[in-house]
Amino acid sequence: MVELLALLLLTTIFGVVLGYANVKYRVEGDPVVDQIDALLPQTQCGQCGHPGCRPYAEAIASGEAINKCPPGGQPTINSIADLLGVDAPSLDEEHGEESDIQLVAFIDEPNCIGCTKCIQACPVDAILGAAKLMHTVIESECTGCDLCVDPCPTDCIEMIPATDGRNVARWKQPDLIATSERGIVHD
Amino acid sequence: MIKVHTIPGGIHPETHKSMSNGSAAERIPTPDRLWIPVSAGLKYESEPIVNVGDSVKRFTQLTQPKHAFAVASHSPISGTVAAIEMRSVVAMPERQVLMIAIDNDGNNESERRAPMALDELSGAQILDRISRSGIQGQGGAGFSTQIKIAASKQVTHLIVNGVECEPYITADDRLMRDYSDDIMLGIQCIAKAMQLTQITLGTEDNKPQAFEAMQNAAAAANINMQWGVVPTKYPSGSEKQLIQLLTGQEVANGKLPADLGILMLNVGTLAAIGRAVVHDEPVTERLVTITGEACERPGNYWVPLGTPIDALQTFAKDGAKAQWIQGGPMMGVRVTDTTAPITQVTNCLLIQPAVKSTSEMPCIRCSACYEACPMQLLPQQLLWHAKSNNEQKLKAHNLFDCIECGACDYVCPSDIPLVQYYRAAKDELRAAESDRVRSEHARNRFEQRQARLERIEQEKIAKREARKKAAEAKKAAKQVDSDTTTSDKPKAGLLAAAMAKAETSKAPALSAEKLTKQVSNLEAQLIHQQQLLEEAGDDEKRAKIDARIKNTRIKIDQAKAKLASIDDQEQPNA
């Protein structure tokens with residue numbers, strides 16, 4: 001009898017504690033979505049079939065494939081796989097190809113008629129301009145999502161390699177020079 | 001002489017310095033065309049302020065800094081601006097930067113300078129002259145000297161770095177021997193502008209002649225200096241290592257020498273400062289050690305900045321087969337494009353015979369690299385994590401504290417090019433960091449745009465709702481109006497008026513008195529009409545009067561019927 005009472009008491013106490021914790025320490029939203037969103041490149045290009053990076057993060061959290069992001073490429077796939085503890089698949093080429101060079105939109109200004117269609121399409125407000133006035137792309141804000149190219153009625157937008165330091169050549173592993181008097185040159 | 005402390009790690013390679021330090025510095029013939037990089041620091045941008053076709057003189061300013069850390073460039077020769085185009089730099093053919101080509105006209109004209117004695121210059125004037133002379137650190141890193149000085153406000157101690165610990169290089173050695181007066185001028189400029197109380201020269205014990213020359217020059221210039229001679233060991237000339245050797249203090253992780261009250265400048269930088277301040281001459285040339293096992297005439301040469309390495313090909317014994325390295329054997333980079341120009345950081349050009357490289361072998365965990373590391377890092381751990389690009393681990397092992405001295409490479413029995421892995425890993429980490437910043441920025445902009453679109457949509461809905469409500473309220477108000485006054489709505493008003501009239505016209509018919517009066521009136525009318533009928537002559541008038549009589553009769557009958565019905569209703573009551 002005592003044992004039963006003791007167990008009953010314990011279960012009651014734990015129940016209260018757990019119930020309290022559930023209310024007090026409740027986590028709003030799904031933290032995994034935030035973590036996945038932080039790994040996505042935020043180009044907001046929609047190549048994955050979702051209207052932006054966060055919706056794709058939500059879709060991944062609810063079980064969608066993680067290899068639909070061409071701008072992020074293999075590194076993004078790898079880090080998401082790492083986060084979720086799954087095997088990293090290769091990029092699903094159906095959604096686009098991974099590019100080594102980061103592109104940004106460029107408006108051929110003499111041909112711009114000031115229709116504002118690209119401005120409406122730009123997900124990050126990187127295009128400056130007004131109706132019947134010339135538009136231009138603010139390079140540092142452009143994510144290279146490509147969404148402004150199609151709406152342009154005069155085809156005056158093209159994607160060119162970014163010149164703001166995104167494509168600066170980096171040191172590669174390894175390609176060394178002579179060390180010491182031994183005159184060794186590593187290839 | 002001050003007491004010298006010790007540093008951990010370090011190596012003792014053959015110095016090979018006697019190859020090039022035997023004779024005084026010479027000048028090379030000025031090449032026909034120089035290529036001056038617009039952004040001297042590569043990373044920090046400047047913009048050209050000359051156009052193609054402009055004629056320039058020596059010391060004409062060519063570029064204007066756009067970034068605070070950028071420095072201006074000046075023309076080393078007189079001539080014409082021949083081109084401004086993208087060209088590759090020494091170590092990376094892929095990395096192209098904007099360069100200005102100057103064609104030498106051979107006239108050797110200079111812009112007029114404004115030399116001033118040091119006594120006549122104020123501290124602010126000295127700093128101004130330094131900042132507009134485009135001086136970069138000449139020791140190798142190439143950081144803007146102006147910024148280094150500006151960041152050293154609380155500094156009281158100047159350490160003059162004349163260690164030059166890397167094998168083969170003797171440019172600073174020769175500079176101290178032959179140009180100690182310029183160095184002393186530089187020291188005096190900095191001491192005056194920054195009100196320093198302590199000046200120390202650090203040099204290695206393998207440069208006794210340079211040390212003596214400096215002591216003599218200091219005595220002649222009446223400068224009170226401390227003298228620190230460190231034992232020959234690589235990399236004693238690195239900034240943090242030399243501070244530790246001379247003061248016993250370590251520059252903590254994430255701190256600068258300025259936090260210890262110390263400013264360190266290379267002797268080359270100080271000589272450039274001396275010339276810039278007193279002679280008003282911007283940096284347009286530097287002393288370069290051209291040496292190596294495959295070098296024809298090893299020695300030190302004054303080379304105009306922007307000289308293409310191609311113009312120095314005569315120094316190579318066996319031109320085609322030689323391997324060119326910019327910098328020393330430890331920290332230098334292989335020259336991948338010989339059209340690339342000499343810059344302020346080119347302290348040495350090493351020409352080595354091309355040797356078939358030994359390939360990298362696996363790490364055997366011997367820990368020789370750990371013992372050699374002057375920064376007390378764990379090179380083999382860093383290697384594993386660099387190979388797998390493990391960002392967290394690399395940061396935890398303080399990759400960014402690596403000074404890339406190459407001591408670990410030198411001792412590695414497996415010939416692993418460790419520093420190259422670290423350089424690549426550092427670049428990867430920096431790129432990842434800037435990608436993160438960029439994507440965070442893009443996320444914010446995207447979210448703010450979404451929020452703005454949402455807000456505009458909400459505002460539209462709110463406006464529509466407001467209009468709908470306003471319309472309903474107006475309608476309701478009109479309804480109330482029409483209930484009280486009939487004039488507003490003509491149709492409904494008329495109808496109501498007619499109904500009301502009908503009501504009122506019915507009511508008297510119901511009264512018996514009025515009905516009897518009506519009947520008697522109608523009967524009188526009937527008699528009158530009958531009289532008229534008799535009097536009437538033609539048939540037309542008769543028909544009309546007949547119709548009237550009939551009408552009157554019907555009315556009399558109706559009135560009588562009503563009267564009868566009233567009587568019927570009244571009778572039961574009576």
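This is a predicted model: local features need pLDDT of at least 70, side-chain atom pairs count only at pLDDT 80 or more; totals for chains, interfaces and linings use all residues.
- Asn398(B) is a residue other than glycine, yet its phi is positive, near 55°.
- Asn398(B) sits in the loop that runs between helix H10 (391-396) and helix H11 (407-411) of chain B.
- Arg365(B), which is not a glycine, also has a positive phi, of about 60°.
- The loop that holds Arg365(B) lies between strand E16 (348-353) and helix H8 (368-372) of chain B.
- Arg365(B) has a relative accessibility of 44% and so counts as partly exposed.
- A cis peptide bond leads from Tyr234(B) to Pro235(B), with omega near 0°.
- Pro235(B) belongs to the loop between strand E10 (226-230) and helix H6 (239-247) of chain B.

**Packing of helices H4 and H5 in chain B**

- Helix H4 (residues 180-194) of chain B packs against helix H5 (residues 208-221) of chain B at an angle of about 55°, and their axes are 9 Å apart.
- Because of this angle, H4(B) is oblique to H5(B).
- The crossing in which H4(B) passes H5(B) is right-handed.
- On the H4(B) side, the contact is formed by Ser180(B), Asp181(B), Ile183(B), Met184(B) and Gln188(B).
- On the H5(B) side, the contact is formed by Ala213(B), Met214(B), Ala217(B), Ala218(B) and Ala221(B).
- By class, the residues in the contact of H4(B) with H5(B) are 7 nonpolar, 2 polar and 1 charged.

**Packing of helices H1 and H7 in chain B**

- Helix H1 (residues 123-131) of chain B and helix H7 (residues 267-278) of chain B cross at roughly 110°, with axes that come within 9 Å.
- H1(B) is therefore roughly perpendicular to H7(B).
- H1(B) passes H7(B) in a crossing that is right-handed.
- From H1(B), the residues Ile126(B), Arg129(B) and Ile130(B) meet Ile273(B), Ala276(B), Val277(B) and Val278(B) of H7(B).
- The contact of H1(B) with H7(B) comprises 6 nonpolar residues, 1 charged residue and no polar ones.

**Make-up and dimensions of chain A**

- Chain A contains 5 helices and 4 strands.
- Along the sequence of chain A, these elements follow the pattern α-α-α-α-β-α-β-β-β.
- The radius of gyration of chain A is 26 Å, whereas a compact globule of 187 residues would have one near 16 Å.
- The C-alpha trace of chain A spans about 90 × 70 × 30 Å along its principal axes.
- Buried residues make up 35% of the 187 residues of chain A.
- Among the contacts in chain A with a separation of 6 or more, 51% join residues 24 or more positions apart.

**Met134 in chain A**

- Met134(A) is located in the loop between strand E2 (127-128) and strand E3 (136-137) of chain A.
- With a relative accessibility of 47%, Met134(A) counts as partly exposed.
- Leaving aside residues up to four places away in sequence, Met134(A) touches Glu109(A), Cys112(A), Leu128(A) and Gly129(A).
- Met134(A) and Pro89(A) are separated by 45 residues in sequence, and their C-alpha atoms are 44 Å apart in space.

Methods. Residues are numbered from 1 along each chain as its sequence is written. Chains are lettered from A and ligands numbered from 1 in the order in which they are written. Side-chain values use heavy atoms; hydrogens and water are left out. Axes are lines fitted to C-alpha atoms, for helices over the stretch in contact, and angles run from 0 to 180 degrees between N-to-C directions. Helices (H or I, at least four residues) and strands (E, at least two) are DSSP runs, numbered from the N terminus. Angles under 35 degrees count as roughly parallel, over 145 as roughly antiparallel, 65 to 115 as roughly perpendicular and the rest as oblique. A crossing is left-handed if the near helix is turned anticlockwise from the far one by less than a right angle, and right-handed if clockwise. Contact means heavy atoms within 4.5 Å. Ala, Val, Leu, Ile, Met, Phe, Trp, Tyr, Cys and Pro count as nonpolar, Asp, Glu, Lys and Arg as charged, and the others, Gly among them, as polar. The radius of gyration is taken over C-alpha atoms; the globule rule is 2.2 Å times the number of residues to the power 0.38. Buried means under 20% relative accessible area, exposed over 50%, partly exposed in between (1.4 Å probe, protein chains only).
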